Amino acid sequence: MAWGSGAWAVEESDARVEWSELRALIARRIPEHVLRRLAYAPADELAHLRPQLKALRTELRAALRSGDRAAHDEAYGQLAPLYLAGVLCSGDPAEALDWLTSPVLRDAAWQGPDGSSREPELRRILLTLLLDHRDGAWQRDLAGRLARWLPVGGDPRRWQLVDGLAAWSGAAPSAGDGYVIGWVRHGSAVWRDHTRGRLDVREWFAEQGWRPPAPHYATLVEWLRAQPRLAELVPRLFEVADIGTELDNVNVAADFTADFTADIAADGPAFEDTAPEDAVSDNAINTVSDDTASGDEGGDTRAARRLRAENEWASALAMLAAEGTLERQELLDLCLAKLLRGDRPGNLRGFVLLTLRLAPSVDEIAARLATYVALAARGAAPSARLAQAGLKELDAAGRLGTVTLAEVSKAVLARPEKSLVATQLSWVDADMRRNRGAAPALLRAVSAAFPHPAVTVQERALRVVMRHLRHLTATQIAELHEAARELDAVLRDEALRVFGGGVDGLLATAAIPATPLPAYHPPEPPKPLSSVAELVELFEAVLADPDAGADPHTVENILDTAVAEYERDAETLAEALEPLAVRYPPKDFESRDQWAVGGAMRCLLHALLGQDQRLVAVMNELYGSGEQRVSAPDRAVLYRVYELVGNLGRVRIPCLLSTPTQGNGAIDPEVLRYRLERYERSRAVPLPCDLELALLRVPVEEAQEILAASPLLATPAGKELAALFAWGEGALPVFERFVIRRSETMRIAPRFSPFHELIAAPDRPPSPITALSRLPDPDDAELFAGDGSSAQTARTALWPPLLPYHPEIVAAHAIPVLYQQANDARDRNALLPLLATTAGWPGAVTHLALAYGLAAGRAENRAGAVEAMVTLAARGLLDPRALGALCGELWVERMVKPNRLLSALDAAAQAGARREVFATIAGALLALAPRPTVRGLPDLLVLGAECARTADLHEDIPELADLAALAKPTRVATEARRFRRILSTG
């Protein structure tokens, strides 16, 4: 094969490549020189270089970990040419795969002859796989291996290597999840490549003269139409996890339209899209279709709409179905089946949009009636809206039937989504206006909305019933009277007037005892492991999934059992752990891994085998003055683990001092005294971090007594430690309000400033107590601007057991993460339920953390906050008025979303904390009552009234009088009057 000329030419040389020559080329850091020298040498003639390349790889990895900045930079610059040489010298596809899948070829700088650097040149890497001595079988084998390797989340750069190999060799790589995601992403980028003049790999082959001319595709629909494996890959779109977000590329298509209209603006009127595409949000069902755009719009607008549709996955697939390239009925069935199986709402949006673009006819909907009914009843919100719209269309055509409409309505009206319920009530109301005979069946269905959690929905359902009540018989009205027991107390007097009947009958539910507060049961103490096999099992759980596996009890069990078994029989322990160490070798080029508990535990595993795998760079920054990459509580955990890693086999460790004896992380002081006596008998010296953490897990007074009484600690280091513990209860940080930056404006937030830092002696390294006392700086706005990512939030569950007697300190560390999760971040956070079980007294900062938790964006996090609130209430440690005051201030300052907070408070009330929720609402009204127009206030009043009715409370709330006297907002005044009426009735 001739490789062209100019920039793409490579030089042929018959001279044997010696290692000294190749090593010099790699040292020059320019990958292009390596490529030009090795391109024409068959792989078997380069076999003698493979051992040296692997040895150099090991050498450069060591330099990267050395902590020496100059050595690091020198090694880093040689990575790209080294890995390119590895690919060129590979003998079989498996060896080439090993070099190709290294993150180095994705991340390392690719230096040019002029000294400039850029990301690795993908097509030059591809060129190394297409050389004359790589036959088609070799290339197809590698394409298959690389396609199977592609990670499920996708790897666009390596997908392009697979695509290039397939286009060159005629391979048909397996359509695994990673391959399909790469295919979809590539399709989404077709329009962008077109506008930027970037050639597809097949066009690139033709431009170089290596293949015949290839067609150019300007839009996604053109590209899809020409895909030879289209019929195979499209069904996979409905099987690959999380691919729906890739298919929902409406905004990308809109960007293309914007580029197009910018080009035509000079010659015509400005483009106005009167029906912009919605990313299938709550009102997606009302989105105007491209095909139904007004005929009055200009030709340029229609052209822009057409181009947008041709570059949107949903529209492109629908176009192919309409022209017969894809089977329309099969595509529609696949969509509905995917929606019926369910998924995250965000991942379903692409499939909802595709169903909308397919625009099923009335006949097609009727043929799938059972599926549409099931979607409306139990599908995710986007799917249910889609099904509701389809069934409504079927009803308008007279093909639904009253019985089916009643069945659908009963199911939909029981759903929590208020917009769905409101649409259904309007639909049913209109249907009864047209057909009075349907009133009995449909009004029974409407009564399904009476127990709805939103009182506004109950009220609207009651209005519909009242409007059509005249069409019912006395018996049917009596049925509705019975159903009205489920109405909120504030609506029952009106229901009495409408339905008639005795007050005692309708309000009988008031006598039903409310759910009491559950009794508090302390968390179970950790159970020691009984065998080395259990230790191996727990170790593997942590290493396989650190975020899920590294819970506090698991970490403590691993550390305690590992030390005990190492002391008892280190050789037997090493034999049991050896297979695990093979499966989880040290991570190269991933120094960040050792900043997390999972990476530290991996180091501990290898230390138990006699290998110290700590990275010097991590250790320098962890104990030095380098960049603080981890939160302070995480440092306390890492100090303890790495202390073990550095001392196993070097000093005797009879046992761990800091292993908790209680489920909340506390240690029985007598047990700690016994452990210290073991050290005295063994003449061993306690490890500093282990000792400090042990003392932090007993009450401060006990810690000071132990320090004063133990002969083992009557040393200069022990006296210094005693001085550090003097900060205890009497010197806790002072918490004050402070200002944070949000959206370029300064807002006063009801936060607290627990800024307090102990400075260790100059000759003493940082330790748990100094790390834990380094509280978040209130002036650091970046702390509150993070994304609350999983890597950070997954570790917070480890924090409460570190300081079981100081929940305020733990809460102070958690405030930035909890704030992020109440705004943008939606990752899971297990901290609050654990914080509620700690032994210390929860103060203002703990209540602030709870307030943010109750407003978390993720439902699981709100559930955790509700659990914490109920636990504190059951223990008698909750101050609901203080919590309410904080919630009110956060609400007024728009630091939290009211609907989230309301749903969490309602859940706490349902769990038995009605009195506490009532007091919380009363505290919140101090801040909210002066702002009666604030969003969500009527719903808060409804919840307060319900708590007061159920718990039979008659406390006066002064703020209600002012709200009840308002002329506007009318609903605030109405709910305030109802609330007062319930409080005054006794």
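Which residue forms a salt bridge with Glu 95? The legends below start there. This is a predicted model, in which local features need pLDDT of at least 70, side-chain atom pairs count only at pLDDT 80 or more, and totals for chains, interfaces and linings use all residues. Residues are numbered from 1 along each chain as its sequence is written, and side-chain values use heavy atoms, with hydrogens and water left out.

**View 1. Glu 95 and Arg 50 form a salt bridge.**
The answer is Arg 50, and the closest N and O atoms of the pair are 4.0 Å apart. A salt bridge here is a side-chain nitrogen of Lys or Arg within 4 Å of a carboxyl oxygen of Asp or Glu. The pair links distant parts of the chain: Glu 95 is in helix H6 (residues 93-100) and Arg 50 is in helix H3 (residues 50-65), 45 residues apart. Helices (H or I, at least four residues) are DSSP runs, numbered from the N terminus. Both Glu 95 and Arg 50 are buried. Buried means under 20% relative accessible area, exposed means over 50%, and partly exposed lies in between (1.4 Å probe, protein chains only). Side chains of opposite charge can pair when their charged atoms come close.

**View 2. Arg 225 and Glu 323 form a salt bridge.**
Their closest N and O atoms are 2.9 Å apart. Arg 225 lies in helix H14 (residues 220-225) and Glu 323 in helix H19 (residues 313-323), so the pair ties together parts 98 residues apart in sequence. Arg 225 counts as partly exposed, at 41% relative accessibility. Glu 323 is partly exposed too, with a relative accessible area of 41%.

**View 3. Glu 702 meets Arg 673 in a salt bridge.**
The N to O distance is 3.0 Å. Glu 702 sits in helix H40 (residues 700-709) and Arg 673 in helix H38 (residues 669-682), 29 residues apart. Glu 702 is partly exposed, with a relative accessible area of 25%. Arg 673 is also partly exposed, at 23% relative accessibility. The structure holds 46 salt bridges. Elsewhere, a network of salt bridges links Glu 459, Arg 463, Asp 939, Arg 971, Glu 975 and Arg 978.

**View 4. Trp 159 and Tyr 179 form a tilted aromatic pair.**
Rings of Phe, Tyr and Trp (its six-membered ring) pair if their centres lie within 6.5 Å; planes under 30 degrees apart count as stacked, over 60 as edge-to-face and the rest as tilted. A search of the whole structure finds 12 aromatic pairs. In this one, the centres are 5.8 Å apart, with 45° between the planes. Trp 159 is in helix H10 (residues 156-169) and Tyr 179 in helix H11 (residues 177-188), 20 residues apart. Both Trp 159 and Tyr 179 are buried.

**View 5. Trp 168 and Phe 205 meet edge-to-face.**
Their ring centres are 5.0 Å apart and their planes are at 75°. Trp 168 lies in helix H10 and Phe 205 in helix H13 (residues 201-207), so the pair ties together parts 37 residues apart in sequence. Trp 168 counts as buried, at 12% relative accessibility. Phe 205 is buried, with a relative accessible area of 2%. Trp 168, Trp 204, Phe 205 and Trp 210 form one aromatic cluster.

**View 6. The charged end of Arg 57 sits over the ring of Trp 99.**
It lies 4.3 Å from the ring centre. A charge sits over a ring if NZ of Lys or CZ of Arg is within 6 Å of the ring centre and within 35 degrees of the ring normal. The charged end of Arg 875 sits over the ring of Tyr 520, 5.1 Å from its centre.

**View 7. Val 464 is in helix H28 (residues 455-468).**
Val 464 is buried, with a relative accessible area of 3%. Leaving aside neighbours within four places in sequence, Val 464 is in contact with Leu 425, Asp 429, Met 432, Leu 443 and Val 446. Contact means heavy atoms within 4.5 Å. The C-alpha atoms of Val 464 and Leu 425 are separated by 7.5 Å, though these residues are 39 residues apart along the chain.

Notes
Helix = DSSP H or I, 4+ residues; strand = E, 2+ residues; numbered from the N terminus.
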